[in-house]
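Try each task before you read its solution.

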Amino acid sequence: MNLEAAIKHFSPKSLMISDSSRATASAALTGTDVMAALGMAQSRAELGFALFFAKHMKDRESREKAIKLLASVAFKMSPPAVGKVAGRRMAKAMLILCSQAVDVYCRTADDPQVRCTQCKGRRMVAPIALANGGGVICDHELTKISEPKGRSCPRCHGTGVKPVPASRAYRAINALLPELPERTWSLNWKPFYESLITRCEVEESEANMVFQCMTS
């Protein structure tokens, strides 16, 4: 059982995690078993679970927790060039970057305001739609009418949501570090910021794997 399937057992507003019971084979799992597995898995993949609940259940407390946990990771993995500029403001800088990274990661296509205008949040676009009026340049493979399946949306890259420019994160960090030039941001800070978004994906994936192992 994966995490997305697990949360269907419960109401998002009343989810209480407990490790007071056992988990059994996935075919015979009860609600109590799932809750127990969630509690035990969460203790082993705390950041991944916080990210999962923040993204899929829009839980504010989980979002704040995820930002703090990710900031602790970011502080340790930050490149020397980043620490050199941030100096004593490093801790605040990491919180700002992680807040931006978590916000980007938590965007989902069920929110109309962030839904991709090309695929309408469906993540896929039919080849014929790409060729006729899709607003993008297509190769001959995409223009074949006989193509039975759609392709990953070229605008959102299959995420279903509008891309967020890194310049938004730069503006946020620049408010703390006005001396940070855009060129230095592009060379040193932006790749680090993007790696934090990728780290969010890795952490949630690991949390899902831990939970699946406990419920298999």
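**Exercise 1.** Find what covers the buried residues of H3.

*Solution.* Next, consider burial. Nine of the 11 residues of H3 (residues 46-56) are buried, so the rest of the structure largely encloses this helix. Buried means under 20% relative accessible area, exposed over 50%, partly exposed in between (1.4 Å probe, protein chains only). Among the buried ones are Leu47, Phe49 and Lys55. Finally, look past the helix: Lys58 follows H3 and has a positive phi, near 55°.

The model is predicted: local features need pLDDT of at least 70, side-chain atom pairs count only at pLDDT 80 or more, and totals for chains, interfaces and linings use all residues. Residues are numbered from 1 along each chain as its sequence is written, and side-chain values use heavy atoms, leaving out hydrogens and water.

**Exercise 2.** State which residues Met94 is in contact with, leaving aside its neighbours within four places in sequence.

*Solution.* Contact means heavy atoms within 4.5 Å. By that rule, Met94 is in contact with Ala71, Ala74, Phe75, Ser78, Val82 and Phe192.

**Exercise 3.** Decide whether Thr108 is buried or exposed.

*Solution.* Locate Thr108 in the loop between H6 and strand S1 (124-125). Its relative accessibility is 14%, so Thr108 counts as buried. Leaving aside neighbours within four places in sequence, Thr108 is in contact with Lys55, Lys58, Val114 and Val161.

Methods: Helix = DSSP H or I, 4+ residues; strand = E, 2+ residues; numbered from the N terminus.
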